[in-house]
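This briefing concerns the chain shown below.

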Amino acid sequence: YPQSRAIWREEIKPRLAGLPGVTLHETDRRVSFHGLGSLELRSAESIDNIRGRSLDGVVIDEAAYLDLEYALAAVVLPALLDKGGWCLVVSTPSAGWDGNAARMTPSYFNRLCEEVTADARGDSWSHWHHPTEANPKLTPTDIAALRAEYPPGSATAQQELDADLTASGASFYPELADVADTLFVPREHLPTYLPDWWQYWSGYDWGYAHPAVWVPCADAGTALYILDA
């Protein structure tokens, strides 16, 4: 809801307020074009409010960060059926969880894009893909400065700047290679052999919004060791 309020305030209202033949309905976040139709803004949280509607077209923004599978199948596509309406699905990719109940990854947006690029959705679907450098409103200097904020191989940069569907957002992050030497005990600092009577176990944290980490450990009875990470 706060994001949709910002879109209304920064994008829609400044462009349309005061134009002849246009009426803005602030409470409903709806713009009426006299004799032509209307433009309505809805948040992902209120997606069910458009159930039962007959719509000419829908734009779903930041589609990888909401339960897109539910939104399309249960709400949007049925609302477009009566008028044979169009749908534009826009987002940077996300290899992580999009909020779906089954906690499937990557996001449905990523999976949908993969189906479209593989021609598994038929001729009624098309796709466009552009990295940040293709945006004529941004300067190369600013883009280069932003890229410099990310370490080499950053999954976040792959998604946010390159719109890369193959970014490893829900698996081991390459950034871990830069800090591995601070996380594990070198083999030469452990006993010559690892005794059978030590207790061994490992823990695994599967990262969605943060790196995934696997940590094998050992209990020597008098000390606990992190063997690797």
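In which sense do strand β7 (residues 213-219) and β8 pair, and over how many bridges? The model is predicted, and in it β7 and β8 pair in the antiparallel sense over three bridges.

**Sheet**
- Strands β6, β7 and β8 form an open sheet in the order β6-β7-β8, with antiparallel pairing.
- At the edges lie β6 (199-205) and β8 (224-226), each of which pairs on one side only.
- On average, neighbouring strands of this sheet are turned by 25° against each other, direction ignored.
- Cys217 has Ile226, in β8, as its bridge partner.

**Nonpolar cores**
- The largest nonpolar core comprises 21 residues, and Ile60, Leu68, Leu72, Val76 and Phe109 have the most contacts inside it.
- Two or more residues of this core are given by each of β4 (57-60), α2 (68-81) and α3 (108-117).
- Helix α2 supplies the largest share, seven residues.
- Leaving aside residues up to four places away in sequence, Leu72 touches Ile60, Leu77, Pro78, Cys87, Tyr108 and Leu112.
- A second, separate core has six residues, among them Trp8, Ile12, Val31 and Leu41.
- In soluble globular proteins, nonpolar side chains tend to be buried together.

**Loop residue Ser43**
- Ser43 is found in the loop between β3 (37-40) and β4.
- Ser43 has a relative accessible area of 11%; this value is under 20%, so Ser43 counts as buried.
- Apart from residues up to four places away in sequence, Ser43 touches Tyr1 and Ser4.

Key
Residues numbered from 1 in each chain as written. Predicted model: local features only at pLDDT ≥ 70, side-chain atom pairs only at ≥ 80, totals over all residues. Heavy atoms only, no water. Core = buried A, V, L, I, M, F, W, Y, C linked by side-chain atoms within 4.5 Å. Buried < 20%, exposed > 50% of the residue type's maximum accessible area, 1.4 Å probe, protein only. Helix = DSSP H or I, 4+ residues; strand = E, 2+ residues; numbered from the N terminus. Contact = heavy atoms within 4.5 Å. Pairing = 2+ DSSP bridges. Axes fitted to C-alpha atoms, helices over the stretch in contact; angles between N-to-C directions.
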